[in-house]
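Visitor: I'm new here, could you show me around?
Guide: Happy to, have a look at this first.

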Amino acid sequence: MSRLYVARNTRVAARNLDGEMMIMSGKDSTLFTLNKTATIIWQAADGATPLDEIVERQICPEYEVEPAAALQDAENLARELATHGILDVSENPIVPSNPPVTVTAGDSR
Amino acid sequence: MPELISSVDCLHLSIEIGGMPIRVNTTDAAFLGMLQDRYAGFVSASEHPAVEFDVDLARPGSGDPGADVRVTQHAGRWALERGDFRAEWEPASRTGRIRQSANPYSIDAVLRIVHTLVLAQEGRGFLLHAASAIRNGKAFLFAGVSGAGKTTISRLAPADATLLTDEISYVREDVRKDVRKQDNRYMAFGTPFTGELAKLGENVSAPIARLYLLAQGPENRIEPVAPGQAARELLANLLFFAEDQELVQRAFHSACEFVSRVPVSRLTFVPDARVWEMIG
């Protein structure tokens, strides 16, 4: 079974507001709010870490779920985020060209 | 032999909103008079406009003002289009051209769009579908879609409140060095952009104390709004037209920065003057 790599799409703007991750598509201005699992995947999506490692290290301990089931859910979620242009998904490591800046509320830019 | 060439007087007017003067050049004295009436209180004597537009007047009735706005950028030039006008603007040279009929509504739309582009480019402000007023030296914004109560809250404002606008608020961060970094530095400016009240705002400004998200209900109450929800509602009320990825991102960050610094509350109110007892 091939591994899946995920990377934050560079064409979106992201902002963590009081623990709530908000993403805006630069292409069509659509606004998304990520749930907790999606936020974990988004924040860990560096293009180099396989999704199964993200699930094993960050999602399974958080939710006490079986790795196989959690990975399946995470893959479905990652592909859904990819359809909205939020994540890039590939079976090979993804080299980020210009990573999006994620800012936490209160940070100066 | 009659003269083949005669001089044409170039008339001009500077309209200053949010501290940014935009000069309009025309050869039509009647159109200039129309603008002087329309923007009374916002006419500036500034000789250093941030943008200068030449206006070419087309025949009246041409084009549909109800058509969608398109704002696109190519090779450093912005193209602004609606059924009733076409405009170009080159930020590098600070010049542009507007083609429209002799009416105040088309140029009003151009001014709004140009201000949204400048503010988005700066990443330090925005235009918002909101009424705003100054009371006790502080500005309060009342945001909401059409029908939420912007005109009503403006109409109910007491005599000691200064109305900045009943329709489109102008928000800009104060970047003066003497304003401390950790302070809420957002200012609200008066605008000539009117709604149903059809009354120009006062051309003054004040620091923003709070943004209220309007709702009408059976009683007056103020409730806190979490930053995420505040950002969603602020973004939903933002004036933004540009089909430009970078500017969209800047506008998004600007709105998020605002809600992280300025208190945001939901104001539910019954339409009578007592609501203002809770404000200021």
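**A strand and its partners**

Guide: Strand E9 (residues 125-135) and E12 of chain B pair in the antiparallel sense over five bridges. Strands here are DSSP runs of at least two residues (helices, H or I, at least four), numbered from the N terminus, and two strands pair if DSSP finds at least two bridges between them. This is a predicted model, where local features need pLDDT of at least 70, side-chain atom pairs count only at pLDDT 80 or more, and totals for chains, interfaces and linings use all residues. Residues are numbered from 1 along each chain as its sequence is written, with chains lettered from A and ligands numbered from 1 in the order written.

Visitor: Which residue of E12(B) is the bridge partner of Leu128(B)?
Guide: Leu128(B) has its bridge partner in E12(B). That partner is Ser169(B).

Visitor: And which residue in E13(B) is the bridge partner of Tyr170(B)?
Guide: E12(B) also pairs with strand E13 (residues 186-189) of chain B, antiparallel, over four bridges. There, the partner of Tyr170(B) is Phe189(B).

Visitor: How many residues of strand E12 of chain B are buried?
Guide: A residue is buried if 20 or more other C-beta atoms, placed from the backbone, lie within 10 Å of its own, exposed if 12 or fewer, and partly exposed in between. Ile168(B), Tyr170(B) and Arg172(B) are buried on one side, and Ser169(B), Val171(B) and Glu173(B) on the other. The strand (residues 168-173) is largely enclosed by the rest of the structure, because the buried count is six of the six.
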